[in-house]
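Thanks for coming. I'll go through the metal site and then the ligand site.

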Amino acid sequence: MRNKAIVLLSYATIAMIAMICIIQMVLLAQDVQPANIPESIQRYFWRSQLITLLLGLSALAIIFFTENIHSSLKRNAYTDITGIMNKHACMEQMSILDCRDSTVGIGLAMFDLNNLKKVNDFYGHEAGDLLIQQFVILLRQCAEKKFFLGRFGGDEFIVIIQNCDESIMLNFLEHVSKSVEKNNTANTIGISYACGFAISTRQQYYLVDELLKEADKKMYQNKKIIKSGELTEPQQISKVLDSDRVNSSEKDGLTGMFSHDTFVSTVTKVLQIYNDRSRLALVCSDIHNFRFFNELYGHKEGDHILRQFSIELNRQPFCLCSYRLYSDNFAFLADVSQFSEEQAVEMIQAWNIRFAASIDNAYPGSRFILKSGIYFLSNFHESVETMLNNAECARKSSKPNFQNIVVYSDELSREVKLRFDTVNSFQRALDCHEFHVYVQPKVSRRNKKICSAEALVRWQKSDGIFLPPDTFVPILEQSGDIINMDFYVYEKVFEYLYQQQLNEKTVTPLSVNVSRVHLTMTESFMERISRLHSRYPVPPSLITFELTESAYIQEIYSAEQFVNRLHALGYRVSMDDFGSGYSSLKGLYPMHFDEVKFDQAFIRNEITEEAGNWLIRLINLVKSLNTTIVCEGVETDENITLLEQSKCDLFQGYYFYKPFPLGDLAALVD
Ligand code: C2E
Ligand code: CA
Ligand code: CA
């Protein structure tokens, strides 16, 4: 608006000057002598000439300023904050070049800053702007005056060179590269850029926008190469990880490690700097028996150990940053880019062992063990909380003393979820009678008649899914819920036998499985069994308790007591899965068992004649200890032929019967 007024004013002035000049010229043309003109008119004439002169001068001044304003407006419209041409100007320049007859000799280079986003994120936008300006200064220094420099986008720049050939272009690019290198050695925030160029020649002719496309394509190829080679940008990383920038309120008071929030934000920043090709791991570690250590050496020494742990951990070259989750639980982010996953696990394991050994040396008898869960980051955009959860999930799955380090996997996560769902839904399932008792008969070797049957539990979930015991029994053993589940089965078995007996129907002896968990609480087990017996008084000899060999051997002392107590109440006891793992002659002699069940592994696969003979001798040997022998997993004619040669008493397996509901047993036996 203001500009328009100035232009109008200057045109009006020019018009007035022109008018006065015309009047004077008319007067001169009519040959009017000054003497003939009255004095008042002469005065007027001179005044008007003076005014004309003044107006002329001011018009000139106005035109001069207008021009200046014009050119500065034009400059502003075409330049960027960096002082070089903006995108609009770039486009205009390109369309000017496009109007030419030929583009031969036009070269176009395109530059893109690689790290602008990262710099903006870490150091703020001012630092980002400064980086752009720095780069522009370098470009200007390297470019000749006749080169056209323009900022094409946020972090994209173009340089157009006329009368260009490859050597001119390469020369210029090398100059830029060297200047940037020199700049980076002197500055904390380094410039990293990708570039591509194209030159239109007679052999390779490009229209102007094709030149732009080609340069852009080459630039992206270059960018890819840079990214794949660029694992870390140490300057940025060290700045992010510099723990001095974190004030004490953001650190753990005892160990000086980061607080939760600082750790999360630091990891987030680090992930933005690293590219997806780097191998990073989030590790959660826990001191296994720290309570024991505190009790033995006191809390002051305990605190000292935690501080020591923090110092040592942060000294490890792989540790980028760490934090204390709570008490003796820590998490850290590890850069293991130079290693394979296996090597990384070994390295972290080795550090765990080294640290534990140093504590063990200084504090004899502390039995110091570090357990760790490792989550190798697969997706850098995942939330840090998810990463922590995964590492924690792996850590919790570690088994102290024999598997102190566990790597997270999707399978592990599914297991954890299953465990969680199982434990969570157990009580409701029990109340809703989702557990069902199935039985699998044991038949006599001699006449193949059913002599007894084993009760096997099944879980039919509300959605109809049928779960075999292997999927939930181990989980319920861990949570302790197996106790109530087993007693649910026992009650069904007692009740069934009692009802059969009451109704004077066929009574088939039944076996039930005993989880190893019961062995740790013999007293309450026997009490509950006695209570069941008072409710459903059946001859105890009708019930056999199957105790696995491994449970028996592991807790041999309490297991012996357990077996004795059951015998004292009149129940039978069986050694289940004999030969499946920890076979020990000590477990067999003296013989505490009324029955020994040979594990199905003995006959599962095709066995050689030699192995068959050996099995027969083993069965006969155990039989000589005066016990009932059952062979499990009998599936084929070959199994039968082999076992017929032994002194095995009972067969159990799919060859005869698969497990079926307890309610169907009587009809089958009858
Ligand atoms: P187990 O006590 O050794 O039970 C024998 C398992 O072998 C049963 O699997 C049975 O169905 C299966 N089996 C029987 N004959 C054959 C055969 O010819 N071929 C094959 N391949 N398998 C055969 P199931 O019912 O899935 O039970 C698995 C395990 O779960 C049991 O092994 C037992 O350790 C546990 N379990 C089952 N019910 C209970 C229970 O009520 N309480 C407790 N604590 N554990 C139970
Ligand atoms: Ca069994
Ligand atoms: Ca078994």
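The calcium ion (ligand 2) and the calcium ion (ligand 3) are 4.0 Å apart, with Asp 576 coordinating both. Besides Asp 576 (OD), the calcium ion (ligand 2) is coordinated by Glu 454 (OE), Asn 513 (OD1) and Glu 546 (OE), at 2.2 to 2.3 Å. Donors here are N, O and S atoms within 2.8 Å of the metal, or 3.2 Å for Na, K and Ca; water is not among the atoms, so sites may look incomplete. Glu 454 lies in strand S11 (residues 450–460) and Asn 513 in strand S13 (residues 510–514), so the pair ties together parts 59 residues apart in sequence. Strands (E, at least two residues) and helices (H or I, at least four) are DSSP runs, numbered from the N terminus.

A word on the model: it is predicted, local features need pLDDT of at least 70, side-chain atom pairs count only at pLDDT 80 or more, and totals for chains, interfaces and linings use all residues. Residues are numbered from 1 along each chain as its sequence is written, chains are lettered from A and ligands numbered from 1 in the order written, and side-chain values use heavy atoms, without hydrogens and water.

Now ligand 1. S11 returns here: it gives the largest share of the shell around ligand 1, four residues. Helix H15 (469–479), helix H16 (482–502) and strand S15 (572–578) each supply at least two.

Which polar contacts, meaning pairs of N or O atoms within 3.5 Å, does ligand 1 make? One of its nitrogen atoms lies 2.9 Å from a polar side-chain atom of Gln 440. An oxygen atom of ligand 1 is 3.2 Å from a side-chain N or O atom of Asp 577.

Notes:
Polar contact = N/O pair within 3.5 Å; in protein donor to acceptor, adjacent residues only side chain to side chain.
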